[in-house]
Amino acid sequence: MVHQDKISILITFAVGLAAGMYLYLTGFATTFKLPEVTTENVYTEFVVTAENYGACREERTCLTFQVLENGTYRALYDDPLGGETVVKEGRIPRSIRNELLKSLTTEQLLSDTRTWSVPNCRDGALGTNHKFRITRDEVNYEIDTCQSVIDYEGPGWKSLAKLWNYFAALER
């Protein structure tokens with residue numbers, strides 16, 4: 001192959017590369033649009049997410065769940081024998097859902113989310129304690145049985161306890 005052939009091949013390659021980039025940028029790239037994100041599965045009005053922590057980790061009996069505003073839930077149960085996490089999905093009873101919506105008002109949530117200056121765990125520092133994250137009207141509220149000043153006789157805590165007991169009683 002002579003030197004002249006090598007230059008011809010190199011020029012042909014360069015022109016082809018330039019033409020391909022031009023066609024890509026003017027033809028395809030300007031018409032390509034990313035798919036739009038839908039918000040139909042985003043719940044901002046009312047969501048309760050809960051988990052327990054502490055002694056349940058060692059015993060492998062921890063529970064985590066999320067309840068959406070339409071009453072559907074997803075619960076994750078630890079397997080005490082060391083197997084896979086058990087996942088349950090379904091819908092909570094309408095009576096519990098209505099009680100949650102009625103009792104977990106903004107005022108009640110603001111009251112129960114105040115925090116102690118020093119942790120004060122309801123079930124002791126070595127026991128199993130609970131955390132709740134409640135979204136109400138696009139505002140998040142954190143309730144923790146070690147950190148929050150909770151009115152355990154109030155309607156808010158009673159409805160959360162009823163919800164927790166519902167999940168604790170579900171057959172795994």
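The legends below describe close-up views of a predicted model.

View 1. Strands of a sheet pair through backbone hydrogen bonds, either parallel or antiparallel.

**View 2. The pairing of strand 3 with strand 4.** Strand 3 covers residues 72-77 and pairs with strand 4 in the antiparallel sense. Six bridges join the two strands. Thr72 stands opposite Arg91 of strand 4.

**View 3. Glu89 in strand 4.** Glu89 counts as exposed because its relative accessible area is 59%, and the cut-off for exposed is over 50%. Leaving aside neighbours within four places in sequence, Glu89 is in contact with Tyr73 and Arg74. Glu89 and Thr72 lie 17 residues apart in sequence, and their C-alpha atoms are 7.4 Å apart in space.

**View 4. The largest nonpolar core, with 25 residues.** Phe65, Phe132, Ile134, Leu160, Leu163 and Phe167 touch the most other members of this core. Two or more residues each come from strand 1, strand 2, strand 3, helix 3 (94-103), strand 5, strand 6 and helix 5. Helix 5 gives the most, with five residues.

**View 5. The surroundings of Phe65, one of the core residues.** Neighbours within four places in sequence are left aside in this list of contacts. Phe65 is in contact with Val48, Thr49 and Ala50, and also with Arg74 and Ala75. Further contacts of Phe65 are Phe132, Leu163, Trp164 and Phe167. Of these, Phe132, Leu163 and Phe167 are, like Phe65, among the residues that touch the most other core members.

**View 6. Residues 7-25, a stretch annotated in UniProt.** The UniProt record, an unreviewed entry, places the feature "transmembrane region" at these residues. In the model, the chain over residues 7-25 is 100% helix and 0% strand. The C-alpha atoms at the ends of this stretch are 27 Å apart.

How values were computed. Residues are numbered from 1 along each chain as its sequence is written. This is a predicted model: local features need pLDDT of at least 70, side-chain atom pairs count only at pLDDT 80 or more; totals for chains, interfaces and linings use all residues. Side-chain values use heavy atoms; hydrogens and water are left out. Two strands pair if DSSP finds at least two bridges between them. Helices (H or I, at least four residues) and strands (E, at least two) are DSSP runs, numbered from the N terminus. A nonpolar core is a set of buried Ala, Val, Leu, Ile, Met, Phe, Trp, Tyr and Cys residues joined through side-chain atoms within 4.5 Å. Buried means under 20% relative accessible area, exposed over 50%, partly exposed in between (1.4 Å probe, protein chains only). Contact means heavy atoms within 4.5 Å. UniProt positions are given in the numbering used here, feature names are shortened, and annotations may be inferred rather than shown by experiment.
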